[in-house]
Amino acid sequence: MKNNLIAQIVYRSIYITVAVIGLLVSIGFWSIGGTGANSNINWFFFTDFFDWAIVMSLFATIPALCENICALRKGETHAFSKKVPLLKFCTMSSMLFGFILGAFFVNRVGEYWLVPANPAPGIATNYDSIFPGIATAGYWFDLAAFLPRFVLPIGYMVMWLLFEERGKTRSIYGTIGILPPTIFYFFDMFFGMIASAVCGGETGLREMGIYGVAYPFFFQDSGLSSTYHGWWWILIWPTIFGVSLMLLNNIVFRLSRIKRADGKLRVDTKTKPNEEELCDIIHKIKAHFAAKKAKKAGDGSNNDAGDKQ
């Protein structure tokens with residue numbers, strides 16, 4: 001089952017279809033009511049980490065699907081996808097991180113709230129924009145939240161666990177995997193700072209109706225929050241996320257090293273993968289420098305031979 005090409009092709013095709021739908025719904029191009037494109041298109045979708053993760057998953061899954069189809073055409077029936085293993089690992093980590101954020105922490109993304117900004121008496125408060133999504137109807141019954149925060153993360157993680165070959169990850173993946181969420185964090189932060197400066201600060205953003213564009217998440221939000229004031233939050237949030245990401249990446253790395261031996265599942269984090277079987281960017285860099293070194297050594301030996309003549 002794990003390396004069955006038909007199963008991989010079917011699953012990846014379904015995932016890509018749902019991922020494209022989820023991305024369009026999240027952006028607002030697809031009206032759930034069936035009335036076509038709506039007027040609430042979010043042109044700043046790139047400030048939403050859930051959309052980042054979906055795009056990453058498409059770039060990781062489409063090459064794998066093409067590879068599966070090519071292998072099937074060659075007459076193979078069972079084969080693992082070898083392409084973009086580092087991107088697949090980073091996407092797996094980001095999807096796991098996004099799933100936890102969406103299920104337990106993120107109430108607001110931009111102007112989209114799972115719990116209203118000013119809830120009526122008797123309705124649970126939003127805890128300064130932090131609220132467990134799984135406890136809200138919006139998380140389960142609105143496709144704009146349900147697909148990016150639940151269906152697609154679960155779908156990608158299941159695909160990764162089912163169809164990725166074990167033991168083909170480098171230990172450094174556990175460190176590199178924190179880069180996509182980290183890059184997103186600082187990109188969003190600096191984008192918000194620039195947008196705020198251009199529009200005249202918090203007041204200007206509110207007057208233009210784009211406060212959520214500059215500060216789409218609770219960890220950037222000092223205007224709607226009574227808690228996250230003070231420069232120290234600039235240090236606290238990256239520390240919290242950094243430690244969390246290191247832990248999650250270590251979990252993903254250990255999952256990638258689970259093997260069955262003597263009828264038991266074991267985690268082998270020590271054995272290094274065969275370098276020639278890896279198709280990641282690190283292998284290409286190593287191969288490039290190895291070729292340059294070999295060429296230089298060859299040129300040196302040729303010069304020595306010419307001197308002797």
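## A pocket and a helix pair

The second largest pocket holds about 350 Å³ of space. This is a predicted model, where local features need pLDDT of at least 70 and side-chain atom pairs count only at pLDDT 80 or more, while totals for chains, interfaces and linings use all residues. Residues are numbered from 1 along each chain as its sequence is written, and side-chain values use heavy atoms, with hydrogens and water left out.

A pocket here is an open set of points on a 1 Å grid over the protein atoms alone, where a 1.4 Å probe fits, with protein on both sides within 12 Å along at least five of seven lines; lining residues have an atom within 4 Å of a point. The volume is the space filled by probe spheres set on the points, which are joined across faces, edges and corners.

So who lines this one? There are 19 residues, with M189, Y215, F219, Q220 and I234 nearest the centre. The elements giving two or more residues are α7 (179–199) and α10 (233–256), and α7 gives the most, with six residues. Helices are DSSP runs (H or I, at least four residues), numbered from the N terminus.

Now for the helix pair: α2 (residues 49–73) and α3 (residues 85–104) pack at about 150 degrees, their axes 9 Å apart. Axes are lines fitted to C-alpha atoms over the stretch in contact, and angles run from 0 to 180 degrees between N-to-C directions. That angle makes α2 roughly antiparallel to α3 (over 145 degrees). Contact means heavy atoms within 4.5 Å, and among the residues making it are F49 and F50 of α2 and L87 and K88 of α3.

How values were computed. Angles under 35 degrees count as roughly parallel, over 145 as roughly antiparallel, 65 to 115 as roughly perpendicular and the rest as oblique.
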